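Please look at the structure below and consider how its two chains meet.

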Amino acid sequence: MSTSPAKEVGTTEPDLLYSEAEADLRAAVRDLLGDRADLQATLAGMEAGDPYDPALWQALAAGMGAAGLLVPEKLGGQGASHREAAVVLEELGRAMAPAPYLTSSVIATETLLALAGQAGPEGAATAELLAETAAGRTVTVLALPLSASPGAEPPTGPAVTAVADARLADVLLVYRPDGLYAVRRADAQLTPQLALDLTRPLATVAIAGGTSGTRLAGTGTARAAVQRGLLTGAGLLASEQLGIAEWCLEETVRYTRERHQFNRPVGSFQALKHRMARLWLEVVNARAAARNAADALATGSDDVALAVSVAQAFCSRAAVHAAEECVQLHAGIGMTWEHPAHLYLKRAKSDELALGTPGRHKELLAALADLPAPR
Amino acid sequence: MTDAHELRSRTREFLAARPPAGTDRADFLKARFDAGLAWVHYPPGLGGLGAPRTLQAVVDAELAAAGAPDNDPRRIMIGLGMAAPTILAYGTEEQKRRFLRPLWTGEEVWCQLFSEPGAGSDLAALGTRAVRDGDDWVVTGQKVWTSSAHIARWAILIARTDPDAPKHRGITYFVCDMTDPGVEVRPLRQITGEAEFNEVFLTGVRIPDAYRIGAVGEGWKVAQTTLMNERVTIGGMRLPREGGMIGLAAATWRERPELRTHELHRRLLDLWVDAEVARLTAERLRQQLAAGQPGPEGSGTKLVFARLNQEISSLELELRGEEGLLYDDWTMRRPEQVDFTGRDIGYRYLRTKGNSIEGGTSEVLLNIVAERVLGLPAEPRTDKDVAWKDLAR
């Protein structure tokens, strides 16, 4: 067992709990979403082709300062950490509120943060965009497919497909072989794509010939920054997935306690109870995995890549399983358009593909944990 | 009120008065009990100081640093983990004074006479009878799955004292003297070939009424304290990454590249992720308990580890290929504790089958999670208001 890569666990044990400040933040976000993010309204918006509620986004991003949680105060943000941003994502997952939080406030923001501190015009442009994004005045989106995984070279073609939240973006971060560029949305050509998950719309982004945008970084710096954005996105996506799984379990428990068949609440049948109890175990485990990833990102732990891939491999599966059980245990009503279960299933399945599938993250883990594949 | 600082100085004073190197082990442990440093959350005079439970770690760290002898927690686990909290909660003053000190020092080993051949998961259906005879009770029946019965001095016992009452109400809780001539202990050979457990036959065993714990007919309530403590024991552990059974499988994978296949690789990575997440969940539970925010998460830990241990050992047996066809030792032995790492993978595969049965089957624990944690309605029951003697058996 001398070859074990297991680190000595000691003083650096991650903090897996929620602090009081985090609990307060959760309560505030939940209140806001409870008042403003109505699932029926989301459904109606979706059908009209526009699921976003700009007023809700303003209240969350600017009003509550949620857009700037990851950004230090001196760069125009709130100076909080990934732990707090994770709490916001848990609540957004629970409420299924369409908002460009993961894309703008996490992935793009973290990409820009990795570039902060450069000298010259590139540094100045980055700092300005970062401050605008952190204040919630500008929505910034990294123009890469939502399925792009950390640890892989992202595509650099002239047109990029399956870019999430591009339609709401003011600025697109465009990754090219020679660096990273900020392009105003007006200078890009957006073609909406019909998405599996209508609450997180997708588009193809093409930049017209001759439009270069503002250069933010050269090749090497840009690649590292994009990797950082994708890694952070993957790590915090686990918290959104946790929120999805929690809602699906709670709603299923509530429904099966009330729904009667054979003169009994269906939730009293052992076959169903065991399925919900197993789901609860998965949710409890998903919470530990998601908190661990958020804490590793917040503390800059050496373990961060492993923590993120563990969380993605586990929480992706847990969210999909919870959403699938939610549909099945709701039975007929779960298959309808009017019941919100399908919104959670579509989001959960799309999230499973987002930022690296569980299989992709297990490949990463095979290397990180020294468990090589057969030759 | 005792704080960590005061407890540390108290422990150091104790160590100065009795240097571990020059003190007999048994004398040291007795003195430690008398100084209130055995389990600090117990009352003064009973091995404790009435301090918060979490402060025990302060004492243990000081003692370990000084190389002090410990009571052997493995050999006396049932006494420490189950008998002691029950006696503390429900015992008389005489019972607490008589039993707790030798229990804690390990001079007297305890076992648990609860399960019966016909009453496993349905524990309250037990049929061992206790009949009042003057100042004594006369006990007759059979118990099973009793670890340590062959070395135990005392047992906690539940027996039926009123067959006419519904099954949960006619039970009484006793301390049973294992040296009584009516107690017969037979090894129960298991699937692994060894006998960790025993069958215990009770024939006219005489128990003085002074050894009854709690009121007559209230034994089920008392037993709940014992059972709750049984399930809590895993909660406070701190595991390093790959600290459980996954570490053994991962080591085999690394050391034996010629055994690797793609199918096993996929399963190994799945289980590695699950094991790492289970470790984080146990760590999160530990942090919750330390912060004084106990949640219901503890009810799930045993369920997850039971499944993982079984799947990981099953995978590792397959990984071994030809060697997996062999077994290390079928000798009928009577180990005092389970030893997973000292035996081969075949043993682990077989022994982990018990993880989803002992201490509550996974099916029963899932019901408990569903009803007590999620608040789902119970299945209709036909046994609650029927006299025990009229139940189908």
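## A charged pair across the interface

In this predicted model, the side chains of B:Arg279 and A:Glu13 form a salt bridge, with N and O 3.8 Å apart; a salt bridge here is a side-chain nitrogen of Lys or Arg within 4 Å of a carboxyl oxygen of Asp or Glu. Side chains of opposite charge can pair when their charged atoms come close. Across the interface of chain B and chain A the rule finds eight salt bridges.

Because the model is predicted, local features need pLDDT of at least 70 and side-chain atom pairs count only at pLDDT 80 or more, while totals for chains, interfaces and linings use all residues. Residues are numbered from 1 along each chain as its sequence is written, chains are lettered from A and ligands numbered from 1 in the order in which they are written, and side-chain values use heavy atoms, leaving out hydrogens and water.

## The interface as a whole

Chain B and chain A each bring 53 residues to the contact, where contact means heavy atoms within 4.5 Å. About 4,600 Å² is buried between chain B and chain A, and carbon and sulfur atoms give 66% of this area; buried area is the accessible area (1.4 Å probe) that two parts lose on being put together, summed over both. On the side of chain B, the residues that lose the most area to chain A are B:Arg241, B:Arg254 and B:Arg284, which together account for 15% of what that side buries.

## Two helices that cross

Two packed helices are described by the angle between their axes and the distance between the axes. Helix α8 of chain A (residues 270–299) packs against α8(B) at an angle of about 90°, and their axes are 8 Å apart. That angle makes α8(A) roughly perpendicular to α8(B), a description used for angles of 65 to 115 degrees. Among the residues that meet are A:Val284 and A:Arg287 in α8(A), and B:Val277 and B:Arg284 in α8(B).

## A bridge within chain A

A salt bridge also joins A:Arg275 to A:Glu325, with the closest N and O atoms 2.6 Å apart. A:Arg275 lies in helix α8 of chain A and A:Glu325 in helix α9 of chain A (residues 304–330), so the pair ties together parts that are 50 residues apart in sequence.

Technical notes. Axes fitted to C-alpha atoms, helices over the stretch in contact; angles between N-to-C directions. Helix = DSSP H or I, 4+ residues; strand = E, 2+ residues; numbered from the N terminus. Parallel < 35°, antiparallel > 145°, perpendicular 65-115°, else oblique.
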